[in-house]
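Reader: I am new to this structure and would like to learn how to read it. Could you walk me through it step by step?

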Amino acid sequence: MNAAHEKKTQVAPSTHLANSDLLPTQQRHWGTYSFFALWMSDIHSLGGYVFAAGLFFLGLAGWQILLSMLCGILIVNFLLNCIGSMGNITGVPYPVLARLSFGVFGANLPALIRAGVGVVWYGVQTWLGSESLLILVEAIFPGTHQALGPGWLGLSGLGWGCFMTMWLLQQLLFWRGMERVRHFIDFCGPAVYVVMFALAGWMLSQAGWSVFTLKLSTRELTVAQTISEMLGVVALVVAYFSALLLNFADFSRFATSAQAVRRGNLLGLPLNFMLFALVTVIITASTVTVFGEAILDPIKVVERIENKPALIIGCLTLVIATIGINIVANFVSAAYDIANVAPRYISFTTGGLITSLLSIAVLPWQLYNNPVAINLFVGSLGACLGPLFGVIIVDYYWTRRRHIEIDDLYSESHSASYWYQGGFNFRAIAAFLPAAIIAMGFVLLPQEAGQVGAYGWTIGTLLAGVLYALFMPRVPKPLSGPPDAKS
């Protein structure tokens with residue numbers, strides 16, 4: 001960013017639209033390894049483990065599952081590079097990028113939807129991690145659970161202690177800023193991998209090294225069913241990354257270069273995702289021999305380990321893995337999104353504190369244990385992520401031909417590029433709403449409908465993108481110069 005632009009943004013931004021955290025960053029220290037490690041932290045999680053293991057119960061052959069997963073993750077890699085380029089060129093986070101299409105004040109709609117998803121899943125992940133901590137405490141100090149009593153609001157005394165410990169650990173890490181987050185992520189992903197490989201080796205040894213299968217279901221499929229299931233796996237893989245697909249600019253804005261983002265994504269996604277899936281299915285297949293049943297939940301696998309040192313290491317690993325994905329997938333985005341509502345009063349750090357407090361207020365263990373509630377609330381919000389992505393990506397690459405007036409992202413001037421009507425672009429909202437409603441319809445279909453729900457994100461994204469392209473006129477093509485962000 002040139003000196004003239006830097007000088008201008010120090011005086012021009014509206015206090016209703018900017019603070020030091022939302023302005024284009026000058027701190028660009030994230031290289032290839034940081035993005036590689038970021039995706040390791042995102043994939044090496046309790047949810048990622050259960051998701052990957054579950055795909056091997058669909059009745060497909062091992063090679064069919066792996067091929068479908070590879071296709072899905074390559075699509076994710078391409079889309080992430082698209083959104084990552086936007087963040088890297090502009091240096092701004094997701095809620096500010098959303099101002100391009102939704103307007104400088106209208107961007108609060110996509111920001112708060114993403115924040116809502118982040119807050120709930122931040123609470124759920126914190127609680128799931130605290131379950132590992134609870135097992136660890138009970139292994140070291142037997143009887144603690146009974147000694148601390150029944151607790152309240154559906155959580156035991158020890159449960160509350162472990163939950164608040166996880167909550168505090170994450171808050172302390174986040175309070176140190178994005179650079180400390182980067183250092184933790186750099187450590188977290190590889191550390192979890194080492195233990196995952198060790199756990200896979202231990203489980204195979206307990207199973208007598210005789211278990212190695214990539215098909216965990218006896219279900220037989222016709223050719224048509226096989227094709228349908230494979231396409232469903234592709235769609236599920238893409239939808240699994242829908243949250244970070246939307247707000248990846250929150251991280252790519254700190255990249256040293258566009259090449260660092262692309263290289264880190266390539267190493268951290270296709271290669272890492274496929275390797276993690278293989279390790280996951282090996283462990284899951286081994287549980288059939290070792291424990292007499294297939295166990296998809298890694299917490300329950302670790303809980304059954306009779307070797308106390310191995311159990312302790314496994315629990316600590318799950319705690320670290322949970323903190324890693326929670327920071328990456330939920331905390332950072334929600335903090336930026338909440339700060340975007342009132343930048344004059346809410347900083348990135350304050351937004352993070354609000355996120356943490358709200359994550360307690362939603363009682364995540366109650367939501368998680370109520371399939372109807374979590375499907376209606378989080379499922380509905382999650383269905384909106386695809387249409388939001390469709391509008392934002394079409395606006396940048398089709399409507400604006402990759403040209404952005406950075407200063408106008410922070411301007412309340414009625415002549416600014418992104419003021420539209422009172423700060424809202426109602427054409428973007430008109431494209432978003434019907435696509436979101438249809439996407440919700442797919443996501444909220446009963447399980448008996450099969451894999452249809454897997455296509456909710458894809459259909460919502462495509463429909464919103466097409467509608468937006470029809471509603472919004474393309475900006476004139478510049479006479480000269482490469483596409484980039486303009487000051």
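Predicted model: local features only at pLDDT ≥ 70, side-chain atom pairs only at ≥ 80, totals over all residues.

Author: Gladly. Let us start with one term: a residue counts as buried when its relative accessible area is under 20%, as exposed when that area is over 50%, and as partly exposed in between.

Reader: Thanks. How many helices and strands does the protein have?

Author: The secondary structure consists of 22 helices and 2 strands. The radius of gyration is 23 Å, close to the 23 Å that the globule rule gives for 487 residues, so the protein is as compact as a globular protein of that length. Along the principal axes, the C-alpha trace spans about 70 × 55 × 40 Å.

Reader: What share of the residues is buried?

Author: Of the 487 residues, 56% are buried. As for the surface, the protein exposes about 19,500 Å², and carbon and sulfur atoms supply 67% of that area.

Reader: And how many positive and negative side chains are there?

Author: There are 24 positive and 22 negative side chains, and the centres of the two sets lie 10 Å apart.

Reader: Where in the sequence do contacting residues come from?

Author: Take the contacts between residues at least 6 apart in sequence: 85% of them join residues at least 24 apart. Ile227 lies in helix α11, residues 223–240, and is partly exposed at 47% relative accessibility.

Reader: How many aromatic pairs are there?

Author: Rings pair if their centres lie within 6.5 Å, and the angle between their planes then names the pair: stacked under 30 degrees, edge-to-face over 60, tilted for the rest. The count here comes to 25 aromatic pairs. In one of them, the rings of Trp127 and Tyr368 have centres 5.4 Å apart and planes at 55 degrees, so this pair is tilted. The pair links distant parts of the chain, with Trp127 in helix α7 (residues 108–140) and Tyr368 in helix α18, 241 residues apart.

Reader: Are Trp127 and Tyr368 buried or partly exposed?

Author: Trp127 is buried, at 9% relative accessibility, whereas Tyr368 is partly exposed, at 37%. Phe174 and Phe348 form another tilted pair, 4.9 Å centre to centre with 55 degrees between the planes. This pair, too, links distant parts of the chain: Phe174 is in helix α9 (residues 157–175) and Phe348 in helix α17, 174 residues apart.

Reader: Which residues do ring pairs link into a cluster?

Author: The cluster holds Trp30, Phe35, Trp39, Phe51, Tyr240, Phe241, Phe248, Phe251, Phe254 and Phe273.

Reader: One last topic: how should I read backbone angles?

Author: Most residues other than glycine have a negative phi. Leu363 is not a glycine, yet has a positive phi of about 45 degrees. Leu363 is found in the loop between α17 (348–361) and α18 (364–368) and is partly exposed, at 22% relative accessibility. Arg402 is not a glycine either, and its phi is positive at about 70 degrees. Arg402 sits in the loop between α20 (385–399) and β1 (404–405), and with a relative accessible area of 38% Arg402 is partly exposed.

Note on methods. Residues numbered from 1 in each chain as written. Heavy atoms only, no water. Helix = DSSP H or I, 4+ residues; strand = E, 2+ residues; numbered from the N terminus. Rg over C-alpha atoms; globule rule 2.2 N^0.38 Å. Buried < 20%, exposed > 50% of the residue type's maximum accessible area, 1.4 Å probe, protein only. Contact = heavy atoms within 4.5 Å. Areas by Shrake-Rupley, 256 points an atom, 1.4 Å probe, with all protein chains shown as cover. Lys, Arg positive; Asp, Glu negative; His and termini not counted. Charge placed at Lys NZ, Arg CZ, Asp CG, Glu CD. Phe/Tyr/Trp six-rings, centres within 6.5 Å; stacked < 30°, edge-to-face > 60°.
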